[in-house]
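Me: I have a structure on my screen and would like to learn how to read it. Could you walk me through some of its features?

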Amino acid sequence: MSEGELNPVPIDQLPPLKFTAAGDNPDLREANLQAVKPSPGYSYLVVMVADAITKRADLVLMDFTPNAVGVRYQVDGLWHNMPTMPRTSGDYMLASLKQLAGLDYRERRARQVGQFVAEYLKKKHKCQLTSQGISSGERVALVINRDKPPLENLEDIGMRPGMQSQLIQLMNEPTGLILISGLPGDGLSTTWRAALQSTDRFMRDFYVVEEKSRQEPEIINVSRETYDSSRGETVLEVMKSLMLREPNVVAFTELADAAALNELSKLANEHEMTTFGRLPARHATEAVMRALMLKPDVPAFAQALRAVSGQRLVRLLCQTCRQAYQPNPNLIAQLGLPPARVPVLYRHFQPSPEQVLDASGRPIEIAPCENCGGPGYYERTGIFELLLVDDRFRAAMQDPEPTVQKLAAAAQQSGHITLREEGIVLVARGDTSLDELQRVLKK
Ligand SMILES: [Zn+2]
């Protein structure tokens, strides 16, 4: 074996992983699998895929540079660097991966996409492999489908029960505008879907209006209308014909301009409809500020608006390996928590100095947690805020020079619980750590 290569694991000591290779029929799939098994990269491939599944990675990224292969796992939305692989071993592994996915293993430049199935500990995972040559070498992405439970309603996404009932009640009112906000790629479309699905969509005629190229999965009993922005169309084109059908509820997935927002306000104010708009923002007051920056008809917008939601995805502490600690009383006071009620907080597992080095100063290897595979967190949940719009907040919206600070001050005076305060409840319960909350709030 040449220098810098990994030791292959003997085939009888490999993790119990079963593959279904790519192929149009069972015979071909079996033949393709049998062709891969004797190849030198097969054992590396088995070890890597089993490791990625154990660590709950959704995505494995491999960067092939001249001397080495950088490997990263994405777990619960966060990247984790893995040990670098020597290039020779990496090449062997990639050749086997490509064969398994039905791709040409000699092709290192053109983009290729293929699939296979990996079965590990009685769970099947569909895997998609994408490879493409880039200037520094070749990039390979392996998406591992972990079959997470579907997030269909407000409870599934982690909204607390009191907030769920407030939001549902507002959504089922016969009139008013509700804005759903969040950061794109941070669970916003999931919340949008969960909110619409939690609305009464059986007794009312419910329409969602979407841009043609950005359609989202259908929702039962919600009719979809689309416009084509590449042809210069906007939501308004759709509304002309939609109004003839006398809808009760209209939702715009995108609020591109003042005209779209004015339309939702008008429908709520003058046509007694419930309307929904979705827009990207860091928190609820920022969402309102962004809407105001579109330069809409502000009095109409303020009159129509009933509530604005904001959110973040936060990783949950692994209940197996989380560590309790006694927080500094000043910290507890800063967080606004009653000291007597919160004697301990929790953080993710961090080995103590004695656990890291032995008596002679040599590093000790610590077996990763069996539940989370090492990072100290397990899955994610949403933290939500729900800004209830009252007359004080409406007045702040109509300030001649509105700012996020002015809006936030008005919200606070009316007792609004911010995203940070909602998140601190999860910290106090030991569901997440202060570090994690601070990390997501900085986004
Ligand atoms: Zn753990």
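This is a predicted model: local features need pLDDT of at least 70, side-chain atom pairs count only at pLDDT 80 or more; totals for chains, interfaces and linings use all residues.

Me: Which residues have the most contacts inside the largest nonpolar core?

Reply: To read a core, follow buried nonpolar residues that are joined to one another. Here the largest such core has 74 residues. Those with the most contacts inside it are Leu179, Ala195, Ala251, Leu264, Ala287, Val288 and Ala291. Strand S13 (residues 305-317) gives this core its largest share, seven residues. There is also a second, separate core of 36 residues, and Ile53, Met62, Val71 and Met85 are among them.

Me: Is Leu45 buried or exposed?

Reply: Count the C-beta atoms around the residue; 20 or more within 10 Å makes it buried. Leu45 has 23 such neighbours inside 10 Å, so Leu45 counts as buried. You will find Leu45 in helix H2 (residues 42-54). Beyond its neighbours within four places in sequence, Leu45 is in contact with Met93, Ser96 and Leu97. Look at Ser89 too: Leu45 and Ser89 are 44 residues apart in sequence, yet their C-alpha atoms are 9.8 Å apart in space. Over the protein chain, 37% of the 443 residues count as buried.

Me: At what angle do helix H14 and helix H15 pack?

Reply: For a helix pair, check the angle, the distance between the axes and the residues in contact. Helix H14 (residues 419-428) and helix H15 (residues 434-441) pack at about 155°, and their axes are 9 Å apart. Angles over 145 degrees count as roughly antiparallel, so H14 is roughly antiparallel to H15. The crossing of H14 past H15 is right-handed. On the H14 side the contact is made by Leu419, Arg420, Gly423 and Val427, and on the H15 side by Leu434, Leu437 and Leu441.

Me: Now the wider view. Into which domains is the protein chain divided?

Reply: Domain bounds tell you which stretches of sequence to take together. Domain 1 covers 11-144, while domain 2 is made of 163-306 + 389-407. The centres of domain 1 and domain 2, taken over C-alpha atoms, are 43 Å apart. In the protein chain you can look for 15 helices and 16 strands. Its C-alpha atoms fill a box of roughly 75 × 60 × 40 Å along the principal axes.

Notes:
Residues are numbered from 1 along each chain as its sequence is written. Domain bounds come from an automatic or database domain assignment. A nonpolar core is a set of buried Ala, Val, Leu, Ile, Met, Phe, Trp, Tyr and Cys residues joined through C-beta atoms within 7 Å. A residue is buried if 20 or more other C-beta atoms lie within 10 Å of its own, exposed if 12 or fewer, and partly exposed in between; C-beta atoms are placed from the backbone. Helices (H or I, at least four residues) and strands (E, at least two) are DSSP runs, numbered from the N terminus. Axes are lines fitted to C-alpha atoms, for helices over the stretch in contact, and angles run from 0 to 180 degrees between N-to-C directions. Angles under 35 degrees count as roughly parallel, over 145 as roughly antiparallel, 65 to 115 as roughly perpendicular and the rest as oblique. A crossing is left-handed if the near helix is turned anticlockwise from the far one by less than a right angle, and right-handed if clockwise. Two residues are in contact if their C-beta atoms, placed from the backbone, lie within 7 Å.
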